[in-house]
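I opened my notebook to record what I looked up, one topic at a time. My entries follow the structure below.

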Amino acid sequence: MPKLRVLSFAVSLDGFAAGPNQDLHNPLGVRGPELMEWFFNTRSWRQMHGMEGGDIGIDDSIAEQGFQNIGAWILGRNMFGPVRGPWPDESWRGWWGEEPPYHTQVFVLTHHARASLQMNGGTVFHFVTDGIHVALERARTAAGSRDVRVGGGVSTIRQYLSTGLLDDLHLVIRPVLLGSGEHLWHNLNLSALGYECWKSTAGERATHVYLRKRAA
């Protein structure tokens with residue numbers, strides 16, 4: 001059965017998954033890149049950006065697994081770009097250049113309509129104004145027998161968590177304290193929502209924690 005999954009999502013020790021003051025120059029917020037240092041050093045990340053080298057180990061292996069069997073993605077609008085409010089035009093085409101790393105259909109949650117955007121390498125961005133349930137329905141149709149990955153950001157993951165729609169989560173716990181930003185767990189009772197922690201693995205630069213829905 002295909003699943004709705006969060007994979008390789010980095011969180012600080014104090015629960016923040018993005019720093020404050022996100023903008024064009026700080027897409028992850030101030031100090032947000034510290035959350036991703038586990039990934040930036042891997043061979044997987046370097047290959048995605050056309051570079052050689054990189055670390056081979058637990059972090060790299062887990063990062064690579066996060067792209068396997070993914071048939072579609074769901075993103076919040078802030079994950080697509082820094083533009084807020086109505087789209088002034090269609091000049092913004094994402095953070096990643098002309099060939100984003102998704103290579104599937106990507107459903108972007110937004111309150112403002114925009115035409116679908118075809119990119120190189122098979123990525124197509126669709127802008128969904130009808131909420132998380134419609135986005136999920138469309139993503140599952142696109143994914144077929146493969147899984148749907150929720151890439152973030154924090155608000156989007158919290159929405160799918162609070163409704164119990166996520167089947168499992170792989171969180172990358174980084175040994176940093178951000179102190180402020182976007183908190184992943186604020187007012188969420190994961191146990192009451194039916195989730196359990198079933199595995200953790202120590203990587204080179206982070207600890208990988210796995211949550212899943214408890215069996216009924």
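Predicted model: local features only at pLDDT ≥ 70, side-chain atom pairs only at ≥ 80, totals over all residues.

**Entry 1: helix α5**

Helix α5 runs over residues 132–143, twelve residues in total. I checked its length first. At 1.5 Å a residue, α5 should span 16 Å, and its end C-alpha atoms are 16 Å apart, so the two values agree.

Next I asked which residues of α5 are buried. I found I132, A135, L136, A139 and A143. They cover an arc of only 100° around the axis, which means that they sit on the same side of α5. On the other side of α5 I noted H133, E137 and T141, which are exposed.

**Entry 2: helix α3**

I then turned to α3, residues 58–65. In α3, I found D59, D60, I62 and A63 to be buried. Down the axis of α3, these buried residues fall within an arc of 165°, so they line one face of the helix. They pack against β1, α1 (37–40), α2 (43–48), β8 and β11.

**Entry 3: the largest cavity**

How many cavities of 30 Å³ or more does the structure hold? I counted one. About 30 Å³ of space lies in the largest cavity. I wrote down its lining: T42, D55, I56, G57, D59, D60, E204 and R205. By class, that lining has one nonpolar, two polar and five charged residues.

I searched for positive phi values in residues other than glycine. S8 has one, near 55°. S8 is in strand β1. Is S8 buried or exposed? Its relative accessibility is 12%, so S8 counts as buried; the cut-off for buried is under 20%.

N69 also has a positive phi, near 60°. I placed N69 in the loop between α3 and β3. At 43% relative accessibility, N69 counts as partly exposed.

Where is the cis peptide bond? I found it joining G152 and G153, with omega of about 0°. G153 lies in the loop between β7 and α6.

**Entry 4: H111**

My last stop was H111, in the loop between β4 and β5 (117–118). Its relative accessibility is 75%, so I put H111 down as exposed; the cut-off for exposed is over 50%. I also looked up a distance. H111 and F127 are 16 residues apart along the chain, and their C-alpha atoms are separated by 8.9 Å.

Note on methods
Residues numbered from 1 in each chain as written. Heavy atoms only, no water. Helix = DSSP H or I, 4+ residues; strand = E, 2+ residues; numbered from the N terminus. Expected span 1.5 Å × (residues − 1). Buried < 20%, exposed > 50% of the residue type's maximum accessible area, 1.4 Å probe, protein only. Arc of directions from axis to C-beta. 1 Å grid on protein atoms, 1.4 Å probe; cavity = no way out; pocket = protein on both sides within 12 Å on 5 of 7 lines; lining within 4 Å. Points joined across faces, edges and corners; volume = space filled by probe spheres on them. Nonpolar A, V, L, I, M, F, W, Y, C, P; charged D, E, K, R; others polar. Contact = heavy atoms within 4.5 Å.
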